[in-house]
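Please look over the sequence and the structure before reading on.

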Amino acid sequence: MNDAPRRRRLVLALEAGANDPPGLLAAAVNVAMVLRADLDARLIEDENILRAAELPDTWLVPALGASTKMFDTATLRRAFRVRSADVRKQLAVHADARALRWTLKTESGSLADRLAEMVTGMDTVVVCHMRRRGRDAREALAQALRQISASVFLYNRHAQFGEKVIAMYTGEDSILATAQALASEVGLPFEVLLLAHDVESLKSRADAVEQWLSEHGQTTVPGGILMDGAGEWIDRLVKSSPATFVCVPDGSGITDASIGRLADAKSVMIVRV
C-alpha cells in the first residue's frame, strides 16, 4: 500500500472541438509552477458533437462566414487526434523547458460534467474565460465551477502582462499567499485590495493584512473598497489602476456576474482561490 501524499495537481480543462486562445498553455504552466503542482491536461471530446457527426448529411457551419462543409465521425475523430497531438507538442515546449511534470489525457463527455468528476479540493482548475462560450454552455460551466471545491483560474486571452497582481482580501490569508507567489513567478508587483461591507470590518482586515505583509517581507499598502449589493464597487474597481491577475476568494459573496464584469472590463485573468 502506498501511503505517500498525492502531489498537488493543476487540471487544465481543454475542449477538443475548440482552438485554445493564444497564451493559454503557457499561462497554465506558469500557474502550475507557482503552485508547485503537476499539470494534468484533459482534452474533452464533446459527446454531443460526436453524436451529431453520426447523423446523415451533417454539415459544419464555421464562424466568420467561412464555407460550410460536410463532416462525419471519422473526420471528427481525425480532427480530435490532430488537436491532441498539437496540444501535446505545445505542452512539451512550455512545460519541459520548466522541468514541470505533466500529462495529457483524452476523455469523452461535456466539459462541465467532467470537471465535477475529475476535480478534488486539492486541485486548481484552469479554464478559458466563460464569455467565449454560448449562453447554455456558459451557465453549465459556471454551475460546475460553483459546485467544485478547487481553486479556479479563468484565463482571459486579452490580459496584458506587465502590470500587477491584485489580491482581493475578505479575510482569508490563503489569497495573500497565492497572489504573492504568483507575482513572484511572473515578475509583477503585488497589491492587496481590502473588501468589506462596513467600515469596522474594513479596519479589522487592514490590521490583519498589514501584519501578514510585515511577516512576509512585503511593503505594499493595502487599499480598501466597501462592497454594496448593487455591485457599484465593481465599477470602482474597474476604474482603479490596471492589473494582469486578480485573485478572488471563493465563497466571499463575489458573484459570477461580478467576476465576469471585472474580467471583461479590465481584461484580466481571474484566479479564484
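The text below takes the helix contacts, then a loop residue, then a strand residue.

This is a predicted model, in which local features need pLDDT of at least 70 and side-chain atom pairs count only at pLDDT 80 or more, while totals for chains, interfaces and linings use all residues. Residues are numbered from 1 along each chain as its sequence is written, and side-chain values use heavy atoms, with hydrogens and water left out.

**Helix packing**

Two packed helices are described by the angle between their axes and the distance between the axes. Helices (H or I, at least four residues) and strands (E, at least two) are DSSP runs, numbered from the N terminus. Axes are lines fitted to C-alpha atoms, for helices over the stretch in contact, and angles run from 0 to 180 degrees between N-to-C directions.

| Pair | Angle | Axis distance |
|---|---|---|
| H1 (residues 24-35) and H3 (73-96) | about 45° | 10 Å |
| H1 and H6 (residues 173-186) | roughly 120° | within 9 Å |

With axes at about 45°, H1 is oblique to H3; angles under 35 degrees count as roughly parallel, over 145 as roughly antiparallel, 65 to 115 as roughly perpendicular and the rest as oblique. On the H1 side, Leu25, Ala26 and Val29 make contact (heavy atoms within 4.5 Å) with Val87, Gln90, Leu91, His94 and Ala95 of H3. This contact of H1 with H3 has 6 nonpolar residues, 2 polar and no charged ones. Here Ala, Val, Leu, Ile, Met, Phe, Trp, Tyr, Cys and Pro count as nonpolar, Asp, Glu, Lys and Arg as charged, and the others, Gly among them, as polar.

For H1 and H6, the axes cross at roughly 120°, which makes H1 oblique to H6. This crossing is also right-handed. Asn30, Met33 and Val34 in H1 meet Thr178, Ala181, Leu182, Glu185 and Val186 in H6. The contact of H1 with H6 has 5 nonpolar, 2 polar and 1 charged residue.

**Ala99**

Ala99 sits in the loop between H3 and strand S5 (102-108). Its phi is positive, near 55°. Most residues other than glycine have a negative phi. Ala99 counts as exposed because its relative accessibility is 71%; buried means under 20% relative accessible area, exposed over 50%, and partly exposed in between (1.4 Å probe, protein chains only).

**Glu107**

Glu107 belongs to strand S5. At 13% relative accessibility, Glu107 counts as buried. Leaving aside neighbours within four places in sequence, Glu107 contacts Arg42, Leu43, Ile44, Glu45, Arg114 and Met118.

Key: A crossing is left-handed if the near helix is turned anticlockwise from the far one by less than a right angle, and right-handed if clockwise.
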